[in-house]
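Here are some questions for a first look at this model. Read each one, look at the structure, then check the answer.

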Amino acid sequence: MNDLELIAAFAPESGPDPETRRRAWARLDERIAGQRDAAGPARRDPRARHRLIGASAAAALAAAAAAAVVLTVGGPAGPGAEDAHAAVAEAARATAASARSSGTAVVRMTHDGSPWAGSTLRWHGADLDLSHDHPPRPGEAASGLRVVGGALYSRDPRGGGWVEMGRAESIDPGSGTTPAEYLAAVEEDVSGATLRRISAGVQDLVTRPGEGGSTVYSGTVAAGLVARQSAVKGGRPIRVLPFGYVAHDEAADPGAPLRIDLTVGGNGLVRRIAVAWGPAGSRWTYAVDYAGLGASAPIVAPVGAAPLRR
Amino acid sequence: VQGPTTQAGATDAGVIAASMTDPQAFRELFERHFDALFTYFARRLGRDAADDLTAEVFLTAYGRRSTYDPACPDARPWLYGIAANLLRRHRRAELRRLRAHAREAGRSRDDGHDAVEARLDSRAAGPLLARALASMPAHQREALLLFAWAELSYEEIARALDVPVGTVRSRLSRARDRVRRELDGPHAVIADEPDGSRPVGEGLP
């Protein structure tokens with residue numbers, strides 16, 4: 001074999017499966033239909049009505065899901081795109097309002113299908129409970145902290161029991177690990193800027209019905225809108241994903257397009273944000289699942305917490 | 001040059017022209033070229049990325065179809081040119097993929113694999129090729145893979161990349177030199193194509 005024959009035979013791949021081709025055509029077909037809509041109502045595609053159904057607000061999202069349509073709205077400037085963007089923005093606004101008082105966020109990060117990192121954060125007013133619970137390490141208990149009524153509790157890494165650490169104010173301010181800073185992160189990531197930024201920046205939105213009456217909005221978003229620069233380490237900027245996880249590969253490149261799925265529940269609140277990037281063999285996923293927004297139970301002090309100086 | 005035709009005899013250019021008044025006619029272009037573009041992306045970046053990127057090529061092509069040069073009956077250079085632009089955003093991912101493959105080269109040698117036999121076998125030579133592809137400048141890799149995988153001629157690559165044909169020749173020549181050096185075997189010394197055209201009914205030169 002000569003060099004060109006070897007290259008031609010290198011990394012062979014089969015063609016797309018029919019479902020891949022169908023999905024791609026559906027995206028293009030919707031773009032074509034969208035441009036016909038823009039040309040005038042006389043040639044309006046019947047599917048355009050579904051775009052209008054999904055347009056207004058959270059309540060309409062459920063109707064759009066029930067209609068069980070696959071809805072593609074093209075690029076951000078395409079006809080119909082504004083409707084879906086408005087729906088996502090409305091879901092972000094409603095989620096932010098509900099998340100202010102209480103909620104739970106479960107964060108999971110995987111690399112090539114294996115758990116990479118994860119945590120569960122619950123908050124209720126000024127109280128919070130954070131557990132770094134994933135992936136489990138042999139012989140190591142789950143780590144975490146809890147703040148209740150201004151008192152700080154931490155997991156003992158040796159035995160897993162709780163230790164009463166004193167007043168929350170005693171943690172070094174500016175360390176990024178004070179309760180106030182965690183709550184500020186919640187405010188940023190759940191109740192405020194992060195969700196607004198992502199929902200405003202997502203492109204090529206495609207919607208589909210999800211489980212339990214939810215609607216999934218899929219598209220791409222610039223990595224810089226998801227992972228923000230937070231620090232400089234070794235002379236290089238470090239970018240972090242919501243809830244403080246360091247971004248790797250494309251996610252650390254602000255201009256790289258990341259695949260994003262925003263799941264909006266039938267109640268109009270964002271239920272899940274899932275981002276994926278990287279090729280097969282180095283595939284990353286990052287997902288945040290929200291639950292109990294505005295309706296979570298109060299957080300209570302751990303029973304039997306040992307004083308720090310015992 | 002004769003472009004691909006339908007049973008009705010329309011070239012790609014004809015299909016694109018028809019889609020200006022009947023947008024659904026664009027589906028013909030999609031059906032003709034989707035599989036080849038998907039496979040090209042899949043070979044370079046994997047199937048997950050190919051899924052999105054191939055769809056994006058056609059969305060872009062549809063949006064820009066009014067600028068298509070009707071003097072070019074075959075739309076492949078145009079479509080692969082769009083693909084090349086999209087691939088620029090994924091260079092790091094492609095390099096990671098190639099480097100991961102290239103790391104297998106050392107292992108094969110450590111295992112006592114016969115190096116000459118390895119070079120003669122396309123699968124075993126994969127890591128060496130990956131190393132060569134990863135080590136060459138992106139514009140050389142682009143030209144080489146458009147030639148070897150997309151099966152475009154020199155002229156078509158020049159149109160796809162919007163560079164002179166002479167530049168394509170030079171890039172391909174340098175890219176192949178690098179590949180040959182990596183393979184480093186007597187079988188790799190072959191003649192360049194006299195004009196860059198791809199003989200019908202024959203394999204690679």
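Q: At roughly what angle do α2(B) and α4(B) cross?
A: In this predicted model, helix α2 (residues 26–45) of chain B meets helix α4 (residues 76–88) of chain B. Helices here are DSSP runs of H or I with at least four residues, strands are runs of E with at least two, and both are numbered from the N terminus. Axes are lines fitted to C-alpha atoms, for helices over the stretch in contact, with angles from 0 to 180 degrees between N-to-C directions. The two axes come within 11 Å and cross at roughly 35°.

Q: How do the residues of the contact of α2(B) with α4(B) divide by class?
A: Contact means heavy atoms within 4.5 Å; among the residues making this one are B:L29, B:H33 and B:R44 of α2(B) and B:W78 and B:L87 of α4(B). Ala, Val, Leu, Ile, Met, Phe, Trp, Tyr, Cys and Pro count as nonpolar, Asp, Glu, Lys and Arg as charged, and the others, Gly among them, as polar. The division is eleven nonpolar, one polar and two charged.

Q: At about what angle do α2(B) and α3(B) pack?
A: The partner here is helix α3 (residues 47–64) of chain B. B:F26, B:F30 and B:F34 are among the α2(B) residues in the contact, and B:L53, B:V57 and B:F58 are among those in α3(B). The axes lie 8 Å apart, at an angle of about 145°.

Q: Is the crossing of α2(B) with α3(B) left-handed or right-handed?
A: A crossing is left-handed if the near helix is turned anticlockwise from the far one by less than a right angle, and right-handed if clockwise. α2(B) also passes α4(B) in a right-handed crossing. For α2(B) and α3(B), the crossing is right-handed.

Q: Why is α8(B) described as largely enclosed?
A: Buried means under 20% relative accessible area, exposed over 50%, and partly exposed in between, with a 1.4 Å probe and protein chains only. In α8(B), the buried residues include B:L128, B:L129 and B:L133. Helix α8 (residues 126–135) of chain B is largely enclosed by the rest of the structure because the buried ones number eight of its ten residues.

Q: What share of the residues of chain B count as buried?
A: Chain A has 310 residues, and 48% of them count as buried. Chain B has 205 residues, and the buried share is 53%.

Q: About how much area do chain B and chain A bury between them?
A: The contact takes 54 residues from chain B and 39 residues from chain A. Buried area is the accessible area (1.4 Å probe) that two parts lose on being put together, summed over both. Carbon and sulfur atoms carry 61% of it, and the total is about 4300 Å².

Q: How many salt bridges are counted between chain B and chain A?
A: A salt bridge is a side-chain nitrogen of Lys or Arg within 4 Å of a carboxyl oxygen of Asp or Glu. Over all chains the count comes to 27. One that joins the two chains pairs B:R92 with A:D253 at 3.8 Å, N to O. Between chain B and chain A the count is eleven.

Q: Is A:R27 buried or partly exposed?
A: A:R27 meets B:D52 in a salt bridge at 3.8 Å, N to O. The pair crosses from α3 of chain B to α2 of chain A. B:D52 counts as partly exposed at 25% relative accessibility. A:R27 has a relative accessible area of 15%, so it is buried.

Q: How are residues and chains labelled, and which values count?
A: Residues are numbered from 1 along each chain as its sequence is written, and chains are lettered from A and ligands numbered from 1 in the order in which they are written. Local features need pLDDT of at least 70, side-chain atom pairs count only at pLDDT 80 or more, and totals for chains, interfaces and linings use all residues, while side-chain values use heavy atoms, with hydrogens and water left out.
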